[in-house]
Amino acid sequence: MKLNFRVSLLFVLSVFSIARESGAVLPDLCDGHNLFMFFKDRKDWVSARDDCILRGGRLALINSAETHDAIKTHIRNIDELWNAAGGGYWFGLNDRDNEGTYVFEGSAGVELTYHDGWCSEKVGRRIVNQPNNNTAKNPDGQDCAQLWRNNKKKPKYDFDDAYCDNRKGYICEIVNSQDCGSGNLG
Ligand SMILES: [Ca+2]
Ligand SMILES: [Ca+2]
């Protein structure tokens with residue numbers, strides 16, 4: 001079944017003032033039930049998670065090609081989102097508790113079942129696949145997932161595990177949002 005993703009350009013800001021006390025106002029994305037909110041003020045992963053919770057949501061759960069493609073298209077269509085702050089956008093996927101076991105934060109331990117989202121690229125003759133738990137800059141490795149910009153000319157926004165302390169933009173998701181129903185201005 002094809003979800004009806006719609007861009008909701010939120011011109012009636014008063015309706016959303018509680019959810020938007022801080023952070024730049026950027027166009028949201030609605031899948032008919034859940035509202036995906038994009039933020040370019042850079043935060044580390046935990047701070048981004050906490051901000052999403054304060055807004056009544058969670059870091060986004062992206063566990064299907066459909067959702068991933070809709071978000072990628074949304075980012076590509078909107079100039080402000082194209083240049084990701086910090087080189088990518090945090091979302092809810094992480095392996096902080098158990099290395100190599102990826103779950104979604106705020107989703108009662110929902111595990112990753114959509115594995116095609118990970119970035120895979122050719123570097124010279126090698127294929128580099130994410131997640132790689134890179135320890136070059138931190139011996140603890142990489143335990144928080146971003147949608148990785150990855151390429152200046154043709155951003156991919158595929159999944160990459162990154163250092164949780166890095167400061168990036170982020171995507172919150174409000175489940176069954178009232179702003180995502182008949183009141184949506186999309
Ligand atoms: Ca890891
Ligand atoms: Ca990585």
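The pLDDT is the predictor's confidence in each residue, on a scale from 0 to 100, and in this predicted model the protein chain averages a pLDDT of 87, with 84% of the residues scoring at least 70. Over residues 8-21, however, the pLDDT is below 50, and beyond near neighbours in sequence this stretch has 19 contacts in the model. A further stretch, residues 182-186, likewise stays under 50, and for these residues the model has 14 contacts beyond four places in sequence.

The secondary structure of the protein chain amounts to 3 helices and 11 strands, and the order of these elements from the N terminus is β-β-β-α-β-α-α-β-β-β-β-β-β-β. Of the 186 residues, 37% count as buried. When contacts between residues at least 6 apart in sequence are considered, 68% of them join residues that are at least 24 apart.

In soluble globular proteins, nonpolar side chains tend to be buried together. The largest nonpolar core of the model comprises 40 residues, among which Leu59, Phe91, Ile171 and Cys172 touch the most other members. At least two residues of this core are supplied by each of strand S2 (28-30), strand S3 (35-43), helix H1 (45-54), helix H2 (65-77), strand S5 (88-94), strand S9 (144-148), strand S10 (158-162) and strand S11 (168-174), and the largest share, 5 residues, comes from S3. Leaving aside neighbours within four places in sequence, Leu59 is in contact with residues that include Ala48, Arg49 and Cys52, as well as Trp90, Phe91, Gly92, Tyr170, Ile171 and Cys172; Glu105 and Gly106 are also among the contacts of Leu59.

Three of these partners, Ala48, Arg49 and Cys52, are buried residues of H1, as is Trp45. H1 is followed by Gly56, whose phi is positive, near 85°.

For H2, the 13 residues should span 18 Å at 1.5 Å a residue, and the end C-alpha atoms are 18 Å apart, which agrees with that expectation. Thr67, Ala70, Ile71, His74 and Ile75 are buried in this helix, and, seen down the axis of H2, the buried residues fall within an arc of 135°, so they line one face of the helix. On the other side of H2, by contrast, Ala65 and Asn77 are exposed.

Among the strands, S9 and S10 run antiparallel and are joined by 5 bridges, with Trp148 standing opposite Asp158 in S10. In S10, 5 of the 5 residues are buried, so this strand is largely enclosed by the rest of the structure.

The loop between S5 and strand S6 (103-104) contains Arg96, which has 15 C-beta neighbours inside 10 Å and therefore counts as partly exposed. Leaving aside neighbours within four places in sequence, Arg96 is in contact with Asp143, Cys144 and Cys164. Arg96 and Gly141 are 45 residues apart in sequence, and their C-alpha atoms lie 9.8 Å apart in space.

Methods. Residues are numbered from 1 along each chain as its sequence is written. Chains are lettered from A and ligands numbered from 1 in the order in which they are written. This is a predicted model: local features need pLDDT of at least 70, side-chain atom pairs count only at pLDDT 80 or more; totals for chains, interfaces and linings use all residues. A nonpolar core is a set of buried Ala, Val, Leu, Ile, Met, Phe, Trp, Tyr and Cys residues joined through C-beta atoms within 7 Å. A residue is buried if 20 or more other C-beta atoms lie within 10 Å of its own, exposed if 12 or fewer, and partly exposed in between; C-beta atoms are placed from the backbone. Helices (H or I, at least four residues) and strands (E, at least two) are DSSP runs, numbered from the N terminus. Two residues are in contact if their C-beta atoms, placed from the backbone, lie within 7 Å. The expected span of a helix is 1.5 Å times one less than its number of residues. The arc is that of the directions from the helix axis to the C-beta atoms. Two strands pair if DSSP finds at least two bridges between them.
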